[in-house]
Amino acid sequence: MKRIILFLLTNVAVVAVLGIVASLLGVNRYLTANGLNLGALLGFAFVMGFGGAIISLLISKPMAKWSAGVQIIEQPRNADEAWIVETVRKFADKAGIGMPEVGIFEGDPNAFATGAFKNSALVAVSTGLLQGMTREEVEAVIGHEVAHIANGDMVTMTLIQGVMNTFVVFLSRVIGYAVDSFLNKNNENRSGPGIGYMVTTVVLDIVLGFVAAIIVAWFSRQREFRADAGATQLMGRRQPMINALARLGGMHPAELPKSMAAMGIAGGIGKLFSTHPPIEERIAALQNSQSNG
């Protein structure tokens, strides 16, 4: 709940900062003089930027169950399921969070954690992960996912995404309005934004959206290093996590649905847009922390 309150306060702070900066730079006077209501724009940016992000967070768990076909372990049907549930319980207790729901989904090696709240999250592992790794390695992967929950990574990523969305919506429309006003400065019959505004806004939504995605992906990669370190703390040693990452490096991890990719144990390709660092960098980070410790 503390993180949700922080989320809401940050939303308000971002909008307030945008308003203050616009006022200090005189942008508000220029826009108002040219017929644009800055307050309305800030409200629009707030709703568009954070509205979608927080709705995505709140529905993340049911959407994950549906999109990945997760089967929740209500009552363990065999020794493997009992072991998975007990491992999650052990790590949750050690991390000081509520017991997450535990599930299994069909597919190649991967795992993920999701949910809006620390004490009612979801941890799911794939059948490919269970079949392709030793129990100690699977335990390390589960520890990694529990560390994501304990670190509040789902809320943090939503917060960062919301901030980026708000800036994209606000800046693209302010610049679009400025461009449109310049193009129509001698047109006394102009009533409202024209083609210059629409074209500029669409182009900047795309361009700034790519920039925002790069920033969000960078934060996501840093979070993966912390979750790896968190798994080693929960297990009390680093080697199982190193072994699990090395094993993943020799496998072909399953592609998770886009809404869950950032919470998986392994991500996609593309350095700037990747939500996960290369396996080699993650292993090196653990090894360096071991030698430094």
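Tutor: Let us start with strand β2: four of its five residues are buried, so β2 is largely enclosed by the rest of the structure. Buried means under 20% relative accessible area, exposed over 50%, and partly exposed in between, with a 1.4 Å probe and protein chains only. Strands here are DSSP runs of E with at least two residues, helices are runs of H or I with at least four, and both are numbered from the N terminus.

Student: Before we continue, what kind of model is this?

Tutor: This is a predicted model, in which local features need pLDDT of at least 70, side-chain atom pairs count only at pLDDT 80 or more, and totals for chains, interfaces and linings use all residues. Residues are numbered from 1 along each chain as its sequence is written, and side-chain values use heavy atoms, with hydrogens and water left out.

Student: In what order do the four strands form the sheet?

Tutor: The order is β1-β2-β4-β3, in an open sheet with mixed pairing. Two strands pair if DSSP finds at least two bridges between them. The edge strands, each pairing on one side only, are β1 (71-72) and β3 (111-114).

Student: Which pairs are parallel or antiparallel?

Tutor: β2 and β4 pair in the parallel sense over five bridges, and Ile-104 has Val-125 in β4 as its bridge partner. β1 and β2 run antiparallel, joined by two bridges; there, Ile-72 is partnered by Gly-103 in β2. β3 and β4 (residues 122-126) also run antiparallel, with four bridges between them.

Student: Turning to helices, how many does the chain have?

Tutor: The chain has 11 helices, along with the four strands.

Student: How do α7 and α9 cross?

Tutor: The axes of α7 (residues 135-150) and α9 (residues 195-235) come within 7 Å and cross at roughly 120°. Axes are lines fitted to C-alpha atoms, for helices over the stretch in contact, and angles run from 0 to 180 degrees between N-to-C directions. α7 and α9 are therefore oblique to each other. Angles under 35 degrees count as roughly parallel, over 145 as roughly antiparallel, 65 to 115 as roughly perpendicular and the rest as oblique.

Student: Which residues meet there?

Tutor: Among them are Gly-143, His-144 and Ala-147 in α7, and Ala-227, Ala-231 and Leu-234 in α9. Contact means heavy atoms within 4.5 Å.

Student: How do α5 and α9 lie?

Tutor: The axes of α5 and α9 come within 10 Å and cross at roughly 100°. That makes α5 roughly perpendicular to α9. Phe-91, Lys-94 and Ala-95 in α5 meet Gln-233, Leu-234 and Met-235 in α9.

Student: Finally, what share of the whole chain is buried?

Tutor: Of the 293 residues, 47% count as buried.
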